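Welcome! Take a moment to look around before you start.

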Amino acid sequence: MTSLDVIELTMPSETLDDVDLRHVQLTCAPARSLSDDGSGGQCQTVVTRHGAVTVAVAGNPTSDPVILSYHDLGLNHVTNFQAFFLYPEMRNIVNNFCILHVNAPGQEEGARTLPEGYEYPTLDELADTLTSVKNHFHLRSFIGFGVGLGANVLSRYATKYPNDVDALVLVNCSSTPAGWIEWGYQKLNIRHLKSGTMTTGTVEYLLWHHFGKVEECNQDLVAVYRQHFEKALNATNLGLLVDSYIRRNDLNIVRELDPNKKKDVRMIRCPVLNMTANLSPHIEDTVTFNGRLDPTLSTWMKIQDCGLVIDESPGKVVEAFRLFLQGQGYALHNRTSSTISTINSTISSISNNANNDNDNNNTTTTTTAANNKDINITENPLNHPVA
């Protein structure tokens, strides 16, 4: 009979020390607000041939590269861009650029009602006001960042003055005139707005314009914007802007692939990041717009699970914006090393696909950045580009 020695294995006991927690306070995240906190910069008035416009300036426009923003319907530089440019990941971009926020006439915070008989500028004339802004601040060129109406205005300016625009970041850009459905809804809204009345129907239309499928979007954010549209807008001034927007004409730009013919056609000649969201009502507009852009200079991007993309998914927009800027040669030094390696590899992927686009106009690439699989970057979503 063999005896077996039993060896008892014991793990060293872990000593758990009491931790004395002092000065611990429970804090709640501040509620989302559309009020001006002054972070957008100092406001200046620029006189143009089509009326005075208010421009908020943050940074030095004479020494730093410039990002110039233009807002959408029912919003201004505060309500459209303040939260986005305050997003923590945007700090690296903001610290390297001068930011100019341009407001359409009568749309700035606390704007007085425009005088009766005032002829509101057309979208082409709104684009021309940017020439006065450029001259006022002695800008050599700028990068445009526009949403909705603002994207259309910046596209017109870039088409007319190609040497003044280094690149465009456009959200929900339409390149065509208003359709009959849009025209009909907006004419009814305009009638109420010009009389100074903000109706429930107008508020619902504005929410649809910005969010699309409202019931699937962030309801807290929807509630904030609903309150803003109901109580904080100058209805008369907004009515004039909406009327100008639905009277917009076609951008009349074309996609010309023959290098020998490009110089003779009307087209956007700078790099364009063309963005939308999968819940947005403007997806088809961005696809049509993309089909009229030079495929070697344009990128179409649809972000999932949001409608008001720069508010609901700011992290994804900032990431795409940063990649786009680096692709244009701007050195943005992010302190997060893991993000830097991802950015460099993604930029390489985007550049390679752009170079191959002349041979295959239907190439689609999916970029995974920081394990974010719902950022889809598509060079050409159209099988038949719009001429």
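Which elements do the buried residues of α4 pack against? In this predicted model, they pack against β3 (66-70), α3 (123-136), β5 (142-147), β6 (165-171), α8 (235-246) and α9 (283-290).

**Helix α4**
- Helix α4 covers residues 149-160, and its 12 residues should span 16 Å at 1.5 Å a residue.
- The end C-alpha atoms of α4 lie 17 Å apart, which agrees with that expectation.
- Of the 12 residues of α4, 11 are buried, so the rest of the structure largely encloses this helix.
- Among the buried residues of α4 are Leu149, Val153, Leu154, Arg156 and Tyr157.

**Lys134, a residue to look up**
- You can find Lys134 in helix α3.
- Is Lys134 buried or exposed? Its relative accessibility is 13%, and because buried means under 20%, Lys134 counts as buried.
- Leaving aside residues up to four places away in sequence, Lys134 touches Leu139, Arg140, Tyr157 and Asp164.
- One of these partners, Tyr157, is also among the buried residues of α4.

**How confident is the prediction?**
- The pLDDT averages 83 over the chain, and 77% of the residues score at least 70.
- Residues 1-10 have a pLDDT below 50, and this stretch has zero contacts in the model beyond near neighbours in sequence.
- Residues 335-387 also have a pLDDT below 50, but this stretch has 89 contacts in the model beyond near neighbours in sequence.

Methods:
Residues numbered from 1 in each chain as written. Predicted model: local features only at pLDDT ≥ 70, side-chain atom pairs only at ≥ 80, totals over all residues. Heavy atoms only, no water. Helix = DSSP H or I, 4+ residues; strand = E, 2+ residues; numbered from the N terminus. Expected span 1.5 Å × (residues − 1). Buried < 20%, exposed > 50% of the residue type's maximum accessible area, 1.4 Å probe, protein only. Contact = heavy atoms within 4.5 Å. pLDDT = per-residue confidence, 0-100.
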